[in-house]
Amino acid sequence: MTMKILDTRKFALAALVGSLSFAPAAFAADSAAEVQKKRLTAAEKAELKKRWQMTSDELEKSLGVGHDKAYYRQALEKMGYAITAKNYDEPDYLEYEIVKGDESYEVQVDLENGKSDKVDVTVNMWRADTTVAALRDKNYKYVYPATLSAAAEKFSDRARAKLWSGEKDQLENALGTGHERGYYRPALEKLGYRVTAVNDNDANHLEYEIVKGDQSYEVMIDFDADTKKANEVDVETNIWEAERTEKAKGDE
């Protein structure tokens with residue numbers, strides 16, 4: 001199976017930083033309700049993006065190419081990373097989700113004739129359940145995954161990136177701007193989404209968490225102070241879900 005869909009590095013960083021409404025300490029929390037929410041400034045988002053980019057670059061350089069599959073597990077573990085999910089393990093492609101501290105990355109290795117010829121490391125936007133559990137468990141004990149992730153296409157950033165880009169554009173276009181505040185919740189419900197949390201609801205900004213199937217998104221709407229109508233609608237991946245959002249996904 002060939003997984004050379006697209007290079008997800010720039011996409012993942014842009015989408016993830018765009019969805020950072022609150023401080024990343026929420027990564028390791030039991031639920032969003034237990035986290036003191038702190039809205040990130042533009043400068044803080046830029047600093048996070050810079051740090052993630054630097055870590056990804058350093059990892060790619062350290063891992064390198066020209067190696068067999070076994071090398072990558074050994075190298076990652078030696079660098080202190082826990083391999084929390086093995087999404088793909090094919091003759092021409094290997095994909096790991098890794099965790100260190102409160103950060104998670106996806107390692108994508110393309111191989112030819114048993115040796116790697118390309119290595120990409122990207123911020124882990126869509127995380128397997130085992131990765132989520134590792135981030136939340138303060139007493140997590142590392143065990144290399146014995147099996148492949150079930151339904152890996154749901155968690156693979158490389159597999160989901162192109163699909164997500166289309167979903168984002170479709171939903172933003174369907175919602176549109178120029179509407180008053182009361183328009184958006186019924187519009188989302190008509191489109192088949194459940195509004196599971198309201199993270200912000202002030203005069204100039206409205207922020208929903210929404211669920212459809214096993215996916216959740218964050219909808220951020222800005223309003224003109226004079227007309228009271230929306231002048232910007234942004235849909236992003238929902239990185240840190242409220243407890244009600246997590247439960248709703250389980251109910252779908």
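1. Two parts of the chain are in contact when they have heavy atoms within 4.5 Å. Helices (H or I, at least four residues) and strands (E, at least two) are DSSP runs, numbered from the N terminus. With those terms in hand, here is a friendly tour. This is a predicted model, where local features need pLDDT of at least 70, side-chain atom pairs count only at pLDDT 80 or more, and totals for chains, interfaces and linings use all residues. Residues are numbered from 1 along each chain as its sequence is written, and side-chain values use heavy atoms, with hydrogens and water left out.

2. Start with helix 4, residues 129-136. Its buried residues are Thr 131, Ala 134 and Leu 135, where buried means under 20% relative accessible area, exposed over 50%, and partly exposed in between (1.4 Å probe, protein chains only). Viewed down the helix axis, these buried residues fall within an arc of 100°, so they line one face of helix 4. That arc is taken from the directions from the helix axis to the C-beta atoms.

3. What lies over those residues? The cover on the buried residues of helix 4 includes strand 1 (82-90), strand 2 (93-100) and strand 3 (103-112).

4. Now for the charged side chains. A salt bridge is a side-chain nitrogen of Lys or Arg within 4 Å of a carboxyl oxygen of Asp or Glu. By this rule, the count is 10 salt bridges.

5. One of them joins the side chains of Arg 51 and Glu 103, at 2.4 Å from N to O. This pair links distant parts of the chain, with Arg 51 in helix 2 (residues 42-63) and Glu 103 in strand 3, 52 residues apart. Arg 51 is partly exposed at 37% relative accessible area, whereas Glu 103 is buried at 12%.

6. Have a look at Lys 69 and Asp 89 too, whose side chains meet in a salt bridge (2.7 Å, N to O). Here Lys 69 in helix 3 (residues 69-78) is linked with Asp 89 in strand 1, 20 residues apart. Lys 69 is partly exposed at 26% relative accessibility, and Asp 89 is partly exposed at 32%.

7. An α-helix has 3.6 residues a turn, so residues three or four places apart point the same way.

8. Finally, find Asp 110, Lys 118, Asp 120 and Arg 158, which are linked in a network of salt bridges.
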